[in-house]
Amino acid sequence: MGDSIRGAELEKIANGLRSGFIDSSSFAPEGYKPRLIANDKYSGVDLLSVLKEQLGLCDRFDICVAFVAESGLQPLVEALLELRDRGVRGRLLTSTYLNFNTPHVFRKLMEFDNIDVRVYQGNLHAKGYVFDREGISTVIVGSSNLTQMALTCNREWNVLFRSSGDGEMLAAVRSEFDALWNDSHTVGLSYDWTIEYDGYRSRNSRDTSSVKSFQARRSSGEPIQPNNMQERALEALAKLHERKEPRALLVSATGTGKTYLSAFDVQEVNPRRVLFLVHRRRILEASKRSFEKLLAGAYTYGIYDPGRDWHGSTCLFAMCSTIVNHLSDFEPSSFDYIVIDEAHRAGSRGYQQIMQFFTPTFYLGMTATPQRTDGYDVFALFNHVIAYQITLQDALANNMLSPFHYFGIADLKIDDADVDDPSLFTKLTSDERVRHIVTKIEEYSVRKEGRRGLIFCNRVDEASELSSRFNELGYKTCALSGSNSDAERDEAIARLEAGDLEYIFSVDVMNEGVDIPSLNQIIMLRRTESAIVFVQQLGRGLRKSDDKEFLLVLDFIGNYQKNFLVPIALTGDRTYNKDNLRAIVKEGNSFIPGCSTVSFDKVSEARIYKAIDGGDFSSARLLKEEYGDLRRMLGRIPKLSDFDRNGSIDPLRIFNKFGSYHAFLSKYEDDYNVRFSEAQEGMLSFVSRRLASGKRSEELVLLKSLIENVTVSEVESHIGLVPDDGIERALALKSAGRYLSGHFSSPKGFVSLVTVGGGHRAPSDELRLALNDPEFRNQLLEVIEFGLSRFESLYKNVYRGTSLVLYAKYTYEEVCHLLNWDKNINGQNIGGYMYDQVTKTFPVFINYEKDPEISETMKYEDRFVSDREIIALSKQSRTLASPEIQRLKGWPSSGVRPYLFVRKNKNDRDGSKEFYFLGEIRPTGEFRQIVMPGTTKSAVEITYELRDSVRRDLYEYLTGTLEAKTDDDL
């Protein structure tokens, strides 16, 4: 490192230490300031993300941790593989303390020939990480071992600081590390040592018998209790029973205890006789055991078999396929309470015959996936009564499921093709693909012994052939398809559970109705055509098990047009916002509740970005499909609030495509026959498109007050808003009046809603006339209430005296409007920034990822220096003497109020053109006049400091490349 560069780095480190430990108001580049890492989903920072970032940047590293759990090593595997490929060396020092570390971890670490691993054989409890890059070191010391909880979920304290090689603290850390590394109690890893350690550990494992026996005494002496989510579901069911609802559907993610929940409800209702219907014998016996365990002697339990007397069983378990052929053995009133497991199958003829025959007081349907691909309306069968919903994300957040570590891995170059195309089979089962799959499985598997996995394929012949090829390589596998009998499937599952099989290859037959808690791997070799199927297959491995700490998910991603469904399925985000989907791919951990992690390699990442960029998420077809799903669920035309309440597509997409919900319904809903005048449709369209996002409350509150003839304060009080009587609020109300009257802008078809003058605001004549129609009034108020609800949930916590929310996204027009400008300014005229003399606001807009087709002279090299410093270029033909530069130089006495807005990509087909709001910025005083490349025109580089550090996951997303690698890099 040159002396001048090194000197600049040392100055930044010194400024960082001063800001972090002495005076927080002193300026320092954010990347150089010490900081506390405490695992926080809201801020997007956890130790795992920081470690992966540092590993990706370093040219050498040292790690010392007492414990390296399989669950802690697993989410780091991909980062370690990249280090190996880059040839970056490092040292890892761990211990035999408490015999915590498993031999599997040590053997996995030995696979990385670029990492020297030593084990301190004694009571080592240190946790420290050192990452070196070009003579500067980043040090993390704190409480976190390498376990999935410590890296992602636990409230840990870890301090990060930067130092040069001359620093005393860094020298002390290195000295202690080297002393332990060379201690006589420390040994290097070898396979023979792991065998010896395995034997010693087996003989001297941590004594947990007292803990287990204590828990056993508690569980035997106390009844099983419902968890928090089950309690809420039971409360909802109790209300249905009070209303004497005859049928209801429980929608609950796989592995969340639906069977126990039904038993809890039976316990509360206390019916005389109960029938529990399933479609597989294996589920039948497991369900019977669960009821017996919870309800004990309250009932007598039996399994229905033709020819046997069932009358002695007050709680009967039966297969649908059996009982439907022997309905003559029963009376319609034989049961008071009937449970239908996997209720999405209730559309079949057999189930419908059963439900038409029996007349219980209550039918409870239970399913994880009520939406059927064949279009059958399961919701109608249960009178569109949804008892309760527990989503995958709810279950993960409430620790009801096993955490998973998902890795998106590039498959070989297999493009979208007809699954039945004969040439596709050759590609799917080629030697090259088999080698690729096997290599990745071995690279990503921490524990090689005791693997129990399901491998989902595209085709039956592919599953069969791959199973044979795996067996030839020494794996123990089999293939199952629809041609296998239930007995054959049960036998295969039993062999998997017993360890006689490692993997079962399948196409779709294992998507549901399979309860294998010990499953610890899910491998997806098929394209993602449906988010529903993806979640079904993922859910197979999420059941908790005593011998399973996490689920490993390997998803081999090809060149498929619907790859965008992967982030949708993982997070449940059905807004179809492209920027959100890209952020999920880039920083998925922040979007997944609990300790689960998501990671994509560079090629699979690029393939999903390509699918997102190419997706038409405002197409009429998609909107109709999503609407149809929700309508079937509810059994009626959904209200706007129903979309959010049920996690359906964002209605804003409908507004942006059609103008209003009314316009959409008029075109596609057969049961909707409302007609409005052109003026009424224009008003609905304006409010829907411009206000329903809820990005500010003033327009909505003002409009609602005028429609209902009450004061603004009464509306605010009713919806729970606390008015702020400062100057900004007065400006916002004035701005709202101008916006609703058309003085701010008048888009095509605009019809004035409000008249303003003399400090008074009143409904326009057009609005007064339109409100004579009660249906129009109701629909307009519905859109307003929808917007106020969005404001309450997303935009209420505004930023430092503005109407903006930190990290929310805004268009050019919304920024001008919410900063209370008198007139809208076209984005092209803004040209990167604009100063408003009335409000003295100065929004700076940056397109961080430039269009590669833009000419070199237009490629403004705006760039983050750190997450709290950015360099932005002025417009062309500007010098240090230009008015805006002089105004910035005079900050803060000039009164200018700069704000930063950044977007990643401006080329979305859906035309969102939204920028992330990153808060206040201040010019640091660094202004540099340059000449633009290829021209004689000048511009000025302006360095700004952000008042608030960019949230870490958002910073990584904005500054990371979306170009990634291509298929040629495989």
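Visitor: How many bridges join β6 to strand β7?

Guide: Please note that this is a predicted model. In general, strands of a sheet pair through backbone hydrogen bonds, either parallel or antiparallel. Here, β6 and strand β7 (residues 158-164) run antiparallel and are joined by seven bridges.

Visitor: Which strand is joined to β6 by six bridges?

Guide: That strand is β5 (residues 127-133), and the two run antiparallel. Within this pairing, Val141 in β6 stands opposite Gly128. The strands β5 and β6 form a hairpin with two residues between them, and in this hairpin Glu134 takes a positive phi near 50°.

Visitor: Is strand β6 mostly covered or mostly uncovered?

Guide: Strand β6, which spans residues 136-142, is mostly covered, since five of its seven residues are buried.

Visitor: Which residues point one way from β28, and which the other way?

Guide: Glu869, Ile871 and Leu873 point one way, while Ile870 and Ala872 point the other way. Both groups are buried, and strand β28 covers residues 869-873.

Visitor: Which strands are joined to β28 by bridges?

Guide: Strand β27 (residues 863-866) is joined to β28 by three bridges, and strand β31 (residues 938-946) by five. Each of these pairings is antiparallel. A hairpin of two residues links β27 to β28. As examples of facing residues, Arg863 stands opposite Ile871 in β28, and Glu869 has Glu945 in β31 as its bridge partner.

Visitor: In what order do the seven strands of the open sheet stand?

Guide: The order is β11-β12-β10-β13-β14-β9-β15, with parallel pairing. At the edges stand β11 (301-303) and β15 (386-390); each has a single partner strand, so one side of each is left without a neighbour in the sheet. On average, neighbouring strands of this sheet are turned by 15° against each other, direction ignored. Inside the sheet, strand β9 (residues 247-252) pairs with strand β14 (residues 362-367) over five bridges in the parallel sense. In that pairing, Leu250 stands opposite Met366 in β14.

Visitor: Let us turn to helices. At what angle do the axes of helix α23 and helix α24 cross?

Guide: The axes of helix α23 (residues 578-586) and helix α24 (residues 602-614) cross at roughly 175° and come within 10 Å. An angle over 145 degrees counts as roughly antiparallel; the two helices are therefore roughly antiparallel to each other.

Visitor: Which residues make the contact?

Guide: From α23 come Lys578, Leu581, Arg582, Val585 and Lys586, and from α24 come Glu605, Ile608, Tyr609, Ile612 and Asp613. The residues of this contact divide into five nonpolar, no polar and five charged.

Visitor: How many residues of α23 are buried?

Guide: Eight of the nine are buried, and the helix is thus mostly covered. Among them are Asp579, Ala583 and Ile584. The buried residues of α23 pack against several elements, including α22 (565-571), α24 and β30 (915-931).

Visitor: Which residues touch the most other members in the largest nonpolar core?

Guide: This core holds 180 residues, and those with the most contacts to other members are Phe358, Phe382, Phe404, Tyr406, Met510 and Tyr810. Helix α34 (residues 774-795) supplies the largest share of the core, nine residues. A second, separate core of 59 residues includes Val68, Leu81, Leu466 and Leu552.

Visitor: With which residues is Met510 in contact, leaving aside its neighbours within four places in sequence?

Guide: Met510 is in contact with Leu454, Phe456, Leu480, Ile493, Ile504, Ile516 and Arg540.

Visitor: Let us end with a single residue. Is Leu92 buried or exposed?

Guide: A residue is called buried when its relative accessible area is under 20%. Leu92 has a relative accessible area of 6% and is therefore buried. The place of Leu92 is in strand β3 (residues 89-95).

Visitor: How far apart are Leu92 and Val117 in sequence and in space?

Guide: They are 25 residues apart in sequence and 4.9 Å apart in space, C-alpha to C-alpha. Not counting residues up to four places away in sequence, Leu92 touches several residues, among them Val117, Ile63, Val68 and Trp181.

Key
Residues numbered from 1 in each chain as written. Predicted model: local features only at pLDDT ≥ 70, side-chain atom pairs only at ≥ 80, totals over all residues. Heavy atoms only, no water. Buried < 20%, exposed > 50% of the residue type's maximum accessible area, 1.4 Å probe, protein only. Helix = DSSP H or I, 4+ residues; strand = E, 2+ residues; numbered from the N terminus. Pairing = 2+ DSSP bridges. Core = buried A, V, L, I, M, F, W, Y, C linked by side-chain atoms within 4.5 Å. Contact = heavy atoms within 4.5 Å. Axes fitted to C-alpha atoms, helices over the stretch in contact; angles between N-to-C directions. Parallel < 35°, antiparallel > 145°, perpendicular 65-115°, else oblique. Nonpolar A, V, L, I, M, F, W, Y, C, P; charged D, E, K, R; others polar.
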